[in-house]
Amino acid sequence: MTTTHFGFASVDEADKARAVRQVFDSVAPRYDVMNDLMSGGLHRVWKAYTVMVANLQEGNRVLDIAGGTGDLALAFSKKVGRSGLVVHTDINEAMLRTGRDRLLDHGVVLPTLVCDAERLPFPDGHFDLVSVAFGLRNMTHKDIALAEMQRVLKPGGRLLVLEFSRVAPPLRKIYDWYSFNVLPRLGKLVAGDDASYRYLAESIRMHPAQKELKAMLHSAGFGHVDFHNMTAGVAALHVGIKC
Ligand SMILES: C[S@@+](CC[C@H](N)C(=O)[O-])C[C@H]1O[C@@H](n2cnc3c(N)ncnc32)[C@H](O)[C@@H]1O
């Protein structure tokens, strides 16, 4: 039996995806409102910065992995225009349905696909940009997922990984207090689920820090990798270029 982590718990690798699915099945209906409450709206700023760094052009082909309720897919679709393509994907049907309904409310129809980042159903060298926002942390085999993202990019294409990261030392105490005391209570109050928000806090601590993730992108075949810290490292945007 090979084990991996699910938050601070150690679980059989085969069980992690199921446990992650239960988390997102549970939080999907209240996901957007919880994001705003937990981050005080900051996730919107982090995503806006990601869209700016993406610097998409009309006609570009984009794959949004773990796209959930569709924030990035929606913003990207406005940049690539009618001649471009944004494929909105996630492994979780409940998240994807919530996202698709939201996109429809904005008058945007995108190809929407349930798929596992570890087995992408796309040919090699197909996309100009691949994005994954707050999704990589939840994947069982991050190395395999990153290699898949590299595979489906065109040469010169870019991967953007937006994810929670390692906060600057002076803020750690207060950030830990907030994460382990406030988040689960907020989750209980708003989404009727404290366990999923405890998992969120734990999974952030188990996720590779900035430099470690940068090394993982290099190992996955990205020739040039850089990262941008946001809000003192609460989140970081990693950019990998397929050279
Ligand atoms: C925190 S949500 C992020 C949603 C959205 N990208 C955002 O930034 O608001 C994480 C998403 O990762 C998805 N996910 C987890 N494991 C995945 C995998 N192996 N392949 C694709 N998506 C996955 C979950 O289903 C969930 O929708």
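**Contacts of one residue**

Reply: This is a predicted model. Contacts with residues up to four places away in sequence are set aside here; beyond these, Phe164 touches Trp46, Phe134, Arg137, Tyr175, Leu200, Ile204, His207, Val234 and Ala235.

Me: In which strand is the place of Phe164?

Reply: Phe164 lies in strand β7, which covers residues 153–164.

Me: Does Phe164 count as buried or exposed?

Reply: Buried means under 20% relative accessible area. Phe164 has 15% relative accessibility and therefore counts as buried. For the chain, 51% of the 243 residues count as buried.

Me: How far apart are Phe164 and Ala236 in sequence and in space?

Reply: In sequence they are separated by 72 residues, while their C-alpha atoms are 6.2 Å apart. As for the contacts in the chain with a separation of 6 or more, 68% come from residues 24 or more positions apart.

Me: How many helices and strands does the chain have?

Reply: Its secondary structure comes to 9 helices and 9 strands. The radius of gyration is 17 Å, close to the 18 Å that the globule rule gives for 243 residues, so the chain is as compact as a globular protein of that length. The C-alpha trace spans about 45 × 40 × 40 Å along its principal axes.

Me: What share of the accessible surface belongs to carbon and sulfur atoms?

Reply: Carbon and sulfur atoms hold 56% of an accessible surface of about 11200 Å². Regarding charge, the chain has 29 positive and 26 negative charges, whose mean positions are 4 Å apart.

How values were computed. Residues numbered from 1 in each chain as written. Predicted model: local features only at pLDDT ≥ 70, side-chain atom pairs only at ≥ 80, totals over all residues. Heavy atoms only, no water. Helix = DSSP H or I, 4+ residues; strand = E, 2+ residues; numbered from the N terminus. Buried < 20%, exposed > 50% of the residue type's maximum accessible area, 1.4 Å probe, protein only. Contact = heavy atoms within 4.5 Å. Rg over C-alpha atoms; globule rule 2.2 N^0.38 Å. Areas by Shrake-Rupley, 256 points an atom, 1.4 Å probe, with all protein chains shown as cover. Lys, Arg positive; Asp, Glu negative; His and termini not counted. Charge placed at Lys NZ, Arg CZ, Asp CG, Glu CD.
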